[in-house]
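These are my notebook entries on a single structure. I record what I looked up, one topic at a time.

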Amino acid sequence: MKLSVIVPVYNMAAGGKLEYCLDSLLNQTISDYEVIAINDASTDNSWEILQDYNRRFPEKLVIYSSKENLRQGGAKNIGLSLCKGDFVGFVDSDDWIAED
């Protein structure tokens, strides 16, 4: 695995923000990467969105749900413990990236 991208997620379901972020990450032109999304005790339906994407993209998306809010740093640390890539990147859940 060349690249792991860690995405901390906290209450990003509104307005399709989380879907927009995940779509941009899962439609990359490179193939040797994984996306690790950490639900940081969201109180909206962010976790359900992550589960839906995980069902559709199990080969690319790893999900984890924290029972308590650990904030950005704590969620990123969980992601770091799960990643398999030689390189690690971070993307906020309300951002998107170009496909290449």
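**Entry 1. Asn54**

I began with Asn54, which is partly exposed at a relative accessible area of 23%. For this I took buried as under 20% relative accessible area, exposed as over 50% and partly exposed as in between, with a 1.4 Å probe and protein chains only. Asn54 is found in helix H2. Helices (H or I, at least four residues) and strands (E, at least two) are DSSP runs, numbered from the N terminus. I also looked up the separation of Asn54 and Ala37: they are 17 residues apart in sequence, and their C-alpha atoms are 9.6 Å apart in space.

**Entry 2. Basis of the values**

I note that this is a predicted model, in which local features need pLDDT of at least 70 and side-chain atom pairs count only at pLDDT 80 or more, while totals for chains, interfaces and linings use all residues. Residues are numbered from 1 along each chain as its sequence is written, and side-chain values use heavy atoms, with hydrogens and water left out.

**Entry 3. Salt bridge**

How many salt bridges does the structure hold? I found one salt bridge, counting a side-chain nitrogen of Lys or Arg within 4 Å of a carboxyl oxygen of Asp or Glu. The side chains of Arg56 and Asp52 form this contact, at 3.1 Å from N to O. Both residues lie in helix H2 (residues 46–56), and because they are four residues apart, about one helical turn separates them. Arg56 is partly exposed, with a relative accessible area of 44%. Asp52 also counts as partly exposed, at 30% relative accessibility.

**Entry 4. Glu34**

I next looked up Glu34, which lies in strand E2 (residues 33–40). Glu34 is buried yet has no salt bridge, and the nearest side chain of opposite charge, Lys84, is 4.9 Å away. In this count Lys and Arg are positive, Asp and Glu are negative, and His and the chain ends are not counted. The side chain of Glu34 does make a polar contact with the side chain of Ser4, at 2.5 Å. A polar contact is a pair of N or O atoms within 3.5 Å; within protein, one must be able to donate a hydrogen and the other to accept it, and residues adjacent in sequence count only if both atoms are side-chain atoms.

**Entry 5. Cysteines**

I searched for disulfides, meaning pairs of cysteine sulfur atoms within 2.5 Å. By this rule the count is zero. Cys21 is in no disulfide, and its nearest cysteine sulfur, that of Cys83, is 17 Å away. Cys83 is likewise in no disulfide, with the sulfur of Cys21 as its nearest at 17 Å. Is Cys21 buried or exposed? Cys21 counts as buried because its relative accessibility is 0%.

**Entry 6. Aromatic pairs**

My search of the whole structure gave two aromatic pairs. Rings of Phe, Tyr and Trp (its six-membered ring) pair if their centres lie within 6.5 Å; planes under 30 degrees apart count as stacked, over 60 as edge-to-face and the rest as tilted. Tyr20 and Trp96 form an edge-to-face pair, at 6.3 Å centre to centre with 70° between the planes. Tyr20 lies in helix H1 (residues 17–26) and Trp96 in the segment after strand E4 (87–90), so the pair ties together parts that are 76 residues apart in sequence. Tyr20 counts as exposed at 52% relative accessibility, and Trp96 counts as exposed at 51%.

The rings of Tyr53 and Phe57 have centres 6.1 Å apart and planes at 25°, so this pair is stacked. Tyr53 counts as buried at 5% relative accessibility, whereas Phe57 counts as partly exposed at 23%.

**Entry 7. Charges over rings**

I then looked for NZ of Lys or CZ of Arg within 6 Å of a ring centre and within 35 degrees of the ring normal. The charged end of Lys60 sits over the ring of Tyr33, 4.3 Å from its centre. Lys76 lies over the face of Phe90, 5.1 Å from the ring centre.

**Entry 8. Positive phi**

Asn11, a residue other than glycine, has a positive phi near 50°. Asn11 is found in the loop between strand E1 (3–9) and H1, and is partly exposed at a relative accessible area of 24%. Arg71, also a residue other than glycine, has a positive phi near 65°. Arg71 is found in helix H3 (residues 71–82) and is exposed, with a relative accessible area of 63%.
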